[in-house]
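Here is a short briefing to read with the model open beside you. It takes up a helix pair and then a cavity.

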Amino acid sequence: MHVSSGRWLFGLLLALTTAVLWGILPIKLKEVLQVMDPVTVTWYRLLVSGVLLLIWLSANRRLPRFAPLGRRGQGLLVLAILGLTSNYVLYLIGLNMLSPGTTQLVIQMAPILFLVASLLVFRESFSLGQGIGMAILLLGFGLFFNQRLAELLTSLTAYTTGVLVILLAAFLWVFYGLAQKQLLTQWSSPQIMMVIYLACALLLTPWAHPLQVLQLSTLQCWLLLACCLNTLVAYGAFAEALAHWEASRVSATLSVTPLVTFVAVALAAVWWPDHVQPEQINLLGYTGALLVVLGSALTALGPSLLAGWRARRARLALLRP
């Protein structure tokens, strides 16, 4: 079982880096998806990231060895590859149907589902604080979708389909996250990500259309490159954060990702109105987004908050005459 290193400040900075990069990613992807299909975009992101990691690890003579993994490790590796590939493709399919802000808020279910799965796999406890956090989270989603709640519950429109696709992407991401955390007992984060990226790209090759890149404008080419580097840095930071910090705290930090997206969309809509459209959400919807973030953070941090409260009570009891 993987044990965090305890370097919490480093883990926090890495998790925040991931949150910011994930927050701005859908804005760039939305522009690239106007020309390229989701599978091809994913193929480029994974291939470029994997090749760069291969070059770096080869130069440092740190290429991974598969023998120490054993059958269990190899099974985890396959699980991580399938989970991440499915997540990447489904996320982009959903993004084609939704706005960046909505997509990022719904994919917020990924760290929550990851937390719930961690409670089962890593045998962490579920506290009252986490229960309250879950309730706030569900209330937040209800408020966020207040303008289209009837549509979501009664009809299978493109909007509803997009939400369901993103939820499925979030669910499949959990398998990657759990396998990734356990693989850290055998390989370093860069080694894991290199193998997963290259394997995912190989898996998608039959359905990719690389020549679509020739149809991109200069701006879209730069954005595609930025998406590729975003993939490398964001997931590398996430993997390293798990190595140095508890999964629950990493999940809590990642809960701010939707807020980063909403702020980035608002700024981009002002600076580049020809390329980015503002979110069509009312005040109640934005209130719901804040509640989703609050609920996510509280759910992730519930055990730590409860432990801290009990420790303070114990210290106070000892000080009493």
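Helices (H or I, at least four residues) are DSSP runs, numbered from the N terminus. An axis is a line fitted to C-alpha atoms over the stretch in contact, and angles run from 0 to 180 degrees between N-to-C directions. This is a predicted model, in which local features need pLDDT of at least 70, side-chain atom pairs count only at pLDDT 80 or more, and totals for chains, interfaces and linings use all residues. Residues are numbered from 1 along each chain as its sequence is written, and side-chain values use heavy atoms, with hydrogens and water left out.

**Helix 2 and helix 9**
- The axes of helix 2 (residues 38–59) and helix 9 (residues 189–204) come within 8 Å, crossing at roughly 140°.
- Contact (heavy atoms within 4.5 Å) involves residues including W43, L47 and L54 of helix 2 and M194, Y197 and L198 of helix 9.
- By class, the contact residues are 17 nonpolar, four polar and no charged (Ala, Val, Leu, Ile, Met, Phe, Trp, Tyr, Cys and Pro are nonpolar; Asp, Glu, Lys and Arg are charged; the others, Gly among them, are polar).

**The cavity**
- On a 1 Å grid over the protein atoms alone, a cavity is a set of points where a 1.4 Å probe fits but cannot get out, and lining residues have an atom within 4 Å of a point.
- The largest cavity is lined by 16 residues, with W22, N87, Y91, I107 and Y235 nearest its centre.
- Helix 1 (8–32), helix 3 (70–97) and helix 5 (109–121) each give two or more residues to this lining.
- The lining of the largest cavity comprises 11 nonpolar, four polar and one charged residues.

Methods: 1 Å grid on protein atoms, 1.4 Å probe; cavity = no way out; pocket = protein on both sides within 12 Å on 5 of 7 lines; lining within 4 Å.
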